[in-house]
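Q: I am new to this structure and would like to learn how to read it, one feature at a time. Could we go through it together?

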Amino acid sequence: MGTNHGSIFTGDTTVQAPLILPPPADVSGPQGLHNLPRPAGHRFVGREAEMATVEQALRPRHARAAAHVVTQAMSGLGGVGKSTLALHFAHHHRTGYAAVWWINAETPETITDSLAQLTARLNPGLHTGATTGAALAEWALVWLDTHPGWLLVFDNATHPDHLAPYLARLSGGDHLITSRLTHGWDQLAAQPLHLEVLTPSAATSLLHQLAGREDPEEYSAAEELTDELGHLPLALEQAGAYIRRTRTTYTGYLQRFRAQAARMLNTPGNGDPHSTTIARTWRVTLDTISERDPLAIHLLRVMAWFAPHDIPRDLLSGTTDEEDADADALALLNDFSMITLTESAAATHRLVQAVARTPDPDDPHRTEQAISEAKSTAEGLIRDALPHTPTTHITEWPGWRALLPHIDAYLTHTHPDTDTVDTEFILYNASRFLLSQGRLPQATRYAHRSATTSTRLCGGDHPSTLASRDSLAGAYESAGDLGRAIPMRERNLTDSTRILGEDHPSTLAARNNLAGAYRAVGDLGRAIPIYERNLTDSARVLGEDHPDTLTFRNSLAGAYRAAGDLDRAIPIYERNLTDRQRILGEDHPSTLIARNNLAGAYRAVGDLGRAIPIYERNLTDYVRVLGDDHPNTLTSRNNLARAYESVGDLGRAIPMFERNLTDRQRILGDDHPDTLTSRNSLAGAYRAAGNLDRAIPIYERNLTDRQRILGDDHPDTLISRNNLARAYESVGDLDRAIPMFEQNLTHSIRVLGDDHPTTHIARSNAQQARSTPR
């Protein structure tokens, strides 16, 4: 940490003063002379590697050639621990130097003042009031010239030019420089050392030392707090001192910090209003940057609304119309360690962001107006950067993935009540992309906020509100929450018909989606007539080759298949695949879906000779086009495994099921409907292999999870109950199997109707179990 040594201000080191001091050569330098700040409170944890680097460069002079002068510079963000590391080195090695002098190097004037104090220290009792600071500093320089073997620590240097005259002249000792400036030291110093934040384990250890508490029950809270503070030493020091002084807990401090981050960063942990804080530390740097380029400060405020890492530089280029001005501003921020810059992206510390987006009437860099303008700029940059067609344009998906962390950060830092039309546009499109990627919880949150915002800003009948509500219903349906999805679908179709008309494309889409919800709940008696009407209307209004018409045709074929009417389903699937290949291309996601559905229909009629090659090709194409982890790729792999199982090739099916379950748990989560499907499929394969000891526990867990997540009456829950009952039956446990079969039959009749294929299976299984000899 830097130490202020007074207020003598002159940068002219050539002014001569009255000769009131003895010649420097007549003064003997006492061994161990130093003016180091007291080490109490300066913690040294987690810097062993950096310390070793400094020690390797600045070995005590008795261990190397005396004439060999070494200059070592250390740079990094304010509060990262540069001064602490320098102080630790200086204290640890002060006996290896004839003198160690700490110089406040923030300005040329403070350097002169610090050197003048060396003169005063070496001439105790002499009155120097009539002598200029420059003359006193000059005397100190002569003394240093004639008394080799010292270490000068230039703390908080702001520019290499301020130090260059001294480093060029003083060759009888070593120089250790700390600075927030990252560049310009190569010509003056050995390889500069840039300090990053502490590792998570070192940060937690430091916090424990500073707070004076290591309660085992608070370990996780301590780790969470150090992560929230970005592992920055000064922030940890503030937090630790506050926790120790107020006798609070890590959890208590974390809660207060999350509620009032900027205020806490400006609150001294020890209660001393003059103590160094994060906000004050960075204020000095921001003043310097602002004098050079105000755009840089604006950019820092804009970046405060994004995620701290991997901010695309292209995203920031829209902040100014002046060519390359943003590049120059980013470079300046990087020079002073406020950000980290690469060719393609920028990053900044999360605490820098917390301060930069919080107004402070006493800080000209953080006025209400400036922060509001930065927030609006950030929103506009995100809106303009959104890729088009989030669900089908595969080439744009990398752009979506790069942008999503910054969308999420912006939405996290803004209150829904302040959402604008642009915010709603961002929410709607991001929710659709997330839904296409199987990220249901986040997609649902965004869709709900989008619908709420659109209703507030545009009204319940606005087309944007209808679209947002439809997206939310789709998220509920994908999560298996049909109790909320169906009423929303019904309302949306009614509203769309009333507002837009029967033949509007949005009305056709709403009708198709409602039929899909009815199908998902097993109500094919209502779903199929809607699908049939919708396909006819879409062909008439949009044309036979319109992508929406192809989608509606695929939906109708799926309903026929679900009803067991494969004679009508297969020709439609075949036509749809041909049309999609012709219109959309072989690799379009919709084409891959059409191919998968056709293979499924072939499998359903037992034509595995045609189904398996299509499944195999489709999985290869999915991996190549969408990647290994895309939800559709996982579905394709599951389907191929089921086809292998159907032909008895369990040696290929089981490993594929096992991998798919692991991947879905990792990507989608334990409770996602697709994960439950994978678990059910794997249990079925184990059962087919005769390994009921592994199958039954999986079936039991899956039924419990589906009842909890989807409800007792969901078609997938009926399937799970049926499969578990069959497994019990297979091991001869009819006392558990028969009641379960009968319960399933009752639910199937009530939910799906007497003639549904699932009901027929449930009835057959119940009859067979009852007739089995005990």
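Q: How many of the residues of strand 2 (residues 71-75) are buried?
A: This is a predicted model, and in it 5 of the 5 residues of strand 2 are buried, so the strand is largely enclosed by the rest of the structure. Thr-71, Ala-73 and Ser-75 point one way from the strand, while Gln-72 and Met-74 point the other way, and all of them are buried.

Q: Which strands does strand 2 pair with, and in which sense, parallel or antiparallel?
A: Strands of a sheet pair through backbone hydrogen bonds, either parallel or antiparallel. Here strand 2 is joined to strand 5 (residues 173-179) by 5 bridges, and the two run parallel; in this pairing Met-74 stands opposite Thr-178 of strand 5. Strand 2 also pairs with strand 6 (residues 193-194), again in the parallel sense, over 2 bridges, and there the bridge partner of Ser-75 is His-194.

Q: Which strands are joined to strand 3 by bridges?
A: Strand 1 (residues 33-34) is joined to strand 3 by 2 bridges, and these strands run parallel, with Leu-33 having Ala-99 as its bridge partner in strand 3. Strand 4 (residues 150-157) is joined to strand 3 by 6 bridges, also in a parallel arrangement, and Val-100 has Leu-151 as its bridge partner in strand 4.

Q: What is the order of the strands in the open sheet of 3 strands?
A: The order is 7-9-8, with antiparallel pairing. Strand 7 (311-312) and strand 8 (339-341) stand at the edges, each with a single partner strand, so one side of each has no neighbour in the sheet. Strand 8 pairs with strand 9 (residues 345-348) in the antiparallel sense over 3 bridges, and in that pair Ile-339 has Thr-348 as its bridge partner in strand 9.

Q: How do helix 26 and helix 28 pack, and at what angle?
A: Two packed helices are described by the angle between their axes and the distance between the axes. Helix 26 (residues 589-604) and helix 28 (residues 631-646) pack at an angle of about 20°, with their axes 11 Å apart, and they are therefore roughly parallel to each other. Helix 26 passes helix 28 in a left-handed crossing. Among the residues making the contact are Ile-593 and Arg-603 of helix 26 and Asn-639 and Ala-643 of helix 28. By class, this contact of helix 26 with helix 28 has 2 nonpolar, 5 polar and 2 charged residues.

Q: How do the axes of helix 28 and helix 30 cross?
A: The axes of helix 28 and helix 30 (residues 673-688) come within 11 Å and cross at roughly 20°, which makes helix 28 roughly parallel to helix 30. The crossing of these two helices is left-handed. Their contact is made by residues including Asn-638 and Glu-645 of helix 28 and Thr-677 and Ala-685 of helix 30, and the residues of the contact divide into 2 nonpolar, 6 polar and 3 charged.

Q: Which residues other than glycine have a positive value of phi here?
A: Most residues other than glycine have a negative phi. Among those with a positive value are His-231, with phi near 60°, and Asp-324, with phi near 70°. His-231 is found in the loop between helix 7 (219-228) and helix 8 (233-246), and at 11% relative accessibility it counts as buried. Asp-324 lies in the loop between helix 13 (313-316) and helix 14 (325-335), and at 46% relative accessibility Asp-324 counts as partly exposed.

How values were computed: Residues are numbered from 1 along each chain as its sequence is written. This is a predicted model: local features need pLDDT of at least 70, side-chain atom pairs count only at pLDDT 80 or more; totals for chains, interfaces and linings use all residues. Side-chain values use heavy atoms; hydrogens and water are left out. Two strands pair if DSSP finds at least two bridges between them. Helices (H or I, at least four residues) and strands (E, at least two) are DSSP runs, numbered from the N terminus. Axes are lines fitted to C-alpha atoms, for helices over the stretch in contact, and angles run from 0 to 180 degrees between N-to-C directions. Angles under 35 degrees count as roughly parallel, over 145 as roughly antiparallel, 65 to 115 as roughly perpendicular and the rest as oblique. A crossing is left-handed if the near helix is turned anticlockwise from the far one by less than a right angle, and right-handed if clockwise. Contact means heavy atoms within 4.5 Å. Ala, Val, Leu, Ile, Met, Phe, Trp, Tyr, Cys and Pro count as nonpolar, Asp, Glu, Lys and Arg as charged, and the others, Gly among them, as polar. Buried means under 20% relative accessible area, exposed over 50%, partly exposed in between (1.4 Å probe, protein chains only).
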